[in-house]
Amino acid sequence: MCDCGSTHSYDDCCRPFLQGEKAPQTAEQLMRSRYSAYVRADAGYLLATWHSSTCPENIDFSQPVKWLGLEIVGHVDGGAQDERGEVEFKARFFQEGVMSCLHERSRFVREQGQWRYLDGRVVRHNEKIGRNQACPCGSGKKHKQCCGK
């Protein structure tokens with residue numbers, strides 16, 4: 001399955017975007033493909049899909065992050081015929097022994113006909129996962145036997 005949480009395989013979903021074989025047609029497709037790029041530490045794709053007015057010089061992947069899943073909360077506009085759109089999402093991750101959730105409402109705009117990430121309003125908060133709860137990574141194991149080790 002694709003990293004972005006869709007019901008499609010990676011080859012049929014985000015790989016063609018990350019490999020430059022085709023361009024995302026909606027803001028949500030771009031957001032999902034950017035999540036997959038974060039999972040795969042693909043700085044080139046992330047920088048290429050960032051709007052020129054807000055793009056950083058580089059992306060630092062030196063701190064290991066285990067991405068656990070993506071949930072699309074909703075979107076406003078961002079369709080194939082739109083020029084602007086917003087996608088709200090939650091991305092769960094595990095870093096330095098802490099389970100966290102990145103909750104962002106991202107803004108996307110077209111630049112030279114292509115969807116680009118402009119910016120986002122981010123809320124970062126930590127979640128307390130009980131040792132006997134199911135691990136949020138989806139392994140089916142208890143948290144203490146999986147990511148909670």
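Visitor: Over the face of which residue does Arg-34 lie?

Guide: A charge sits over a ring if NZ of Lys or CZ of Arg is within 6 Å of the ring centre and within 35 degrees of the ring normal. Arg-34 is placed 4.7 Å from the ring centre in question. The ring is that of Trp-50.

Visitor: What are the ground rules for these values?

Guide: This is a predicted model, in which local features need pLDDT of at least 70 and side-chain atom pairs count only at pLDDT 80 or more, while totals for chains, interfaces and linings use all residues. Residues are numbered from 1 along each chain as its sequence is written, and side-chain values use heavy atoms, with hydrogens and water left out.

Visitor: At what distance from the ring centre of Tyr-10 does Arg-40 lie?

Guide: Arg-40 lies over the face of Tyr-10. The distance to the ring centre is 3.6 Å.

Visitor: How many aromatic pairs are found in the whole structure?

Guide: Rings of Phe, Tyr and Trp (its six-membered ring) pair if their centres lie within 6.5 Å; planes under 30 degrees apart count as stacked, over 60 as edge-to-face and the rest as tilted. A search of the whole structure gives six.

Visitor: Which parts does the pair of Tyr-38 and Trp-67 tie together?

Guide: The two rings are 6.2 Å apart, centre to centre, with 55° between the planes, a tilted pair. Helices (H or I, at least four residues) and strands (E, at least two) are DSSP runs, numbered from the N terminus. Because Tyr-38 and Trp-67 sit in separate elements, the pair ties together parts 29 residues apart in sequence: helix H2 (residues 27–39) and strand E1.

Visitor: Is Tyr-38 buried, partly exposed or exposed?

Guide: Buried means under 20% relative accessible area, exposed over 50%, partly exposed in between (1.4 Å probe, protein chains only). Tyr-38 has a relative accessible area of 26%, so the residue is partly exposed.

Visitor: How many disulfides does the search find?

Guide: A disulfide is a pair of cysteine sulfur atoms within 2.5 Å. The search of the whole structure finds zero. For Cys-2, the nearest cysteine sulfur is 3.5 Å away, on Cys-14.

Visitor: Where is Glu-96?

Guide: Glu-96 is not a glycine, yet has a positive phi of about 50°. At 65% relative accessibility, Glu-96 is exposed. Its place is the loop between strand E2 (84–95) and strand E3 (98–111).
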